[in-house]
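Please look over the sequence and the model below, and then follow the account from the whole chain down to a single loop residue.

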Amino acid sequence: RGSNGHTGFASFAEQVAGALNGALRNGTSLFLRDMFDYFYHRECPHRSVLREDLGCYFEPLFTGCEAEDVYDVTEAEDPTHTELLSHIHDYQPLPEFSHLGSFWWNSHLLHYIVSPNRRLQALVAEIKAQMRFRHPIVGIHVRRGDSCKLKASPGYGMPLAYCKTVGDFLPHLRRMRELYGVSRVFVTSDSTSVYQELPQWAGEGFEFIYSRADRDFLHHDWLLEMRLRMALVDRKEVADATLVDTLLLADCDYLVLGLQSGYGRLALSLAAAVRGQVPPYVSMDYPWMPRFGMSGPRPPWVRWWEGAKA
């Protein structure tokens, strides 16, 4: 399904990767029902509201089949159907690739799915030129909006996912500079307040760059995806900003981010798939998983957290 109503783009891409994995494993076709919320805007024409082809921003993934060619659109949906691929087995590599590991396998699936078309490539190149994006560079993702407040709440059970400040990243940036001699930092965030913090660290000797400082359209206590469905924010503005910053972050030589966030996981996966190796990185919270919060006999992220507390 295109979206479950509260899925961000990175989590959506992970779901598509899981579905693609299942199709490859079972020798079946993959068809994306419905449309993803971010891409349902004035500059993304769709042939059908019953399918998502991702062609507005990415290279084509699918054939020209329409919804009616694949399933009976008038038939009631199976009540046992689940939109979310959330079991660990959904992301295990095919047997012939198992020796390369889950990270390698899922990173290449995501790289295949999130392959920008010429329009998106041109947009990224234009913004790169405007902000003077140059290598070597370290990228940081400072989450400040809806998700970190929710997931760090007592009922959610992810205490390390709390909203962080730029100051929380400084020890890791200093270490990156010490090890690799990098002082240029690309900052991406969902909050204008993060960019307002940067001047206080001017004496640290870092050059902070970013694609845009105005992030008020992203920052809110309500989930972004809910506000998209309520038409409270511009879908095109959200889609463009999300995808551009994701690709810029993935293009960084070094990364400091949170892997509880699908945004951070996607950037790390794309960076590794493009380079053919994992770039030096620091996770500010949890270890990598193909999708966070997955179910299973003993979910790996739960095992890790229990070991960390011990």
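This is a predicted model: local features need pLDDT of at least 70, side-chain atom pairs count only at pLDDT 80 or more; totals for chains, interfaces and linings use all residues.

Residues are numbered from 1 along each chain as its sequence is written, and side-chain values use heavy atoms, with hydrogens and water left out.

The chain holds 11 helices and five strands, taken as DSSP runs numbered from the N terminus (helices H or I, at least four residues; strands E, at least two). Of its 310 residues, 49% are buried, that is, under 20% relative accessible area, where over 50% would be exposed and anything in between partly exposed. Among contacts (heavy atoms within 4.5 Å) with a separation of 6 or more, 68% link residues 24 or more positions apart.

Helix α9 (residues 235–250) is largely enclosed by the rest of the structure, because 15 of its 16 residues are buried.

Turning to the loop between β2 (184–189) and α7 (192–197), one finds Ser191 there, a buried residue whose relative accessible area is 2%. Its C-alpha atom is separated by 8.4 Å from that of Val142, although the two residues are 49 apart along the chain. The side chains of Ser191 and Ser193 are joined by a polar contact of 2.6 Å, meaning a pair of N or O atoms within 3.5 Å; within protein, one must be able to donate a hydrogen and the other to accept it, and residues adjacent in sequence count only if both atoms are side-chain atoms.

Note on methods
Buried means under 20% relative accessible area, exposed over 50%, partly exposed in between (1.4 Å probe, protein chains only).
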